[in-house]
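Here's a quick briefing to read alongside the model. Take a look at the fold first, then one residue and the space inside.

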Amino acid sequence: MEEYEILRNTVREFANKEIENISKDIEIKGIPDTLVLKLGAQGFLAATAPQEKGGSGLDELGYIIVLEELSRVSPSVAMKVFLTNFYLQLNPDDDVNYIASGKKRVSVAFPDYYARGKSGKVEVSAGKINATKENVINANVEAIALTDGKDVYAVSKE
C-alpha cells in the first residue's frame, strides 16, 4: 500500500539523516537525549498508542516498518522505540504525551536469573519491585518494564 511506502521512506530518511552518522557512538555510548527528543517528535516513541491518547496510532505493519528501518542503522535506537511502545502497552493510562515527547525516559529491568547472578536481585512481591539499578538498562529512567518470569510489570515514578 502507498501509505506504508510513504511511512518507510519517511522513517528511512529520518534514520539516514539523524542516526546513521552517529550509529557507532550510539552502540558504544548510548542514545543521546537530543535524539530521543527527535524520536518523540517523529511519533516513534508512542507509535502504537492510539491517536486519541497522544500516540501515532500505527497498526502492526506500520510499527514493524518503523522498527525495521530504525534497526537498519541502529539496533539500540530500534530497541529504545520498542521498549517505549512496550511500556505504553503495559501502562496505557500513563501520560502518553509526556512519554511520546521523549522527556520521560523508559527502560527495562532484568531479574537476577536473566543477569546470571552478576548483579543485585530484582524481586517482585505483591506487585512491588525491589531492585538495584545495576539490573536496569539505562538506569537513569522514570519508568521500567520488567518480568519476574511469569508476569510483566510496568512501573512509573509518581
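Helices (H or I, at least four residues) and strands (E, at least two) are DSSP runs, numbered from the N terminus. By that rule the protein has seven helices and five strands. This is a predicted model, where local features need pLDDT of at least 70 and side-chain atom pairs count only at pLDDT 80 or more, while totals for chains, interfaces and linings use all residues. Residues are numbered from 1 along each chain as its sequence is written, and side-chain values use heavy atoms, with hydrogens and water left out.

**Overall layout**
- Going along the sequence, the order is α-α-α-α-α-α-β-α-β-β-β-β.
- Of the 158 residues, 40% are buried (under 20% relative accessible area, 1.4 Å probe, protein chains only).
- Take the contacts (heavy atoms within 4.5 Å) between residues at least 6 apart in sequence: 63% of them join residues at least 24 apart.

**Glu-69**
- Glu-69 sits in helix α4, which covers residues 60-73.
- Glu-69 counts as buried because its relative accessibility is 2%.
- Setting aside neighbours within four places in sequence, Glu-69 touches Arg-8, Val-11, Arg-12 and Ala-15.
- Asn-9 is 60 residues from Glu-69 in sequence, yet their C-alpha atoms are 8.9 Å apart.

**What lines the largest cavity?**
- Val-36, Leu-45, Lys-80, Thr-84, Ile-99, Gly-102, Lys-104, Arg-105 and Val-106 do; a cavity is a set of points on a 1 Å grid over the protein atoms alone where a 1.4 Å probe fits but cannot get out, and lining residues have an atom within 4 Å of a point.

How values were computed. On a 1 Å grid over the protein atoms alone, a cavity is a set of points where a 1.4 Å probe fits but cannot get out, and a pocket is an open set with protein on both sides within 12 Å along at least five of seven lines; lining residues have an atom within 4 Å of a point. Buried means under 20% relative accessible area, exposed over 50%, partly exposed in between (1.4 Å probe, protein chains only).
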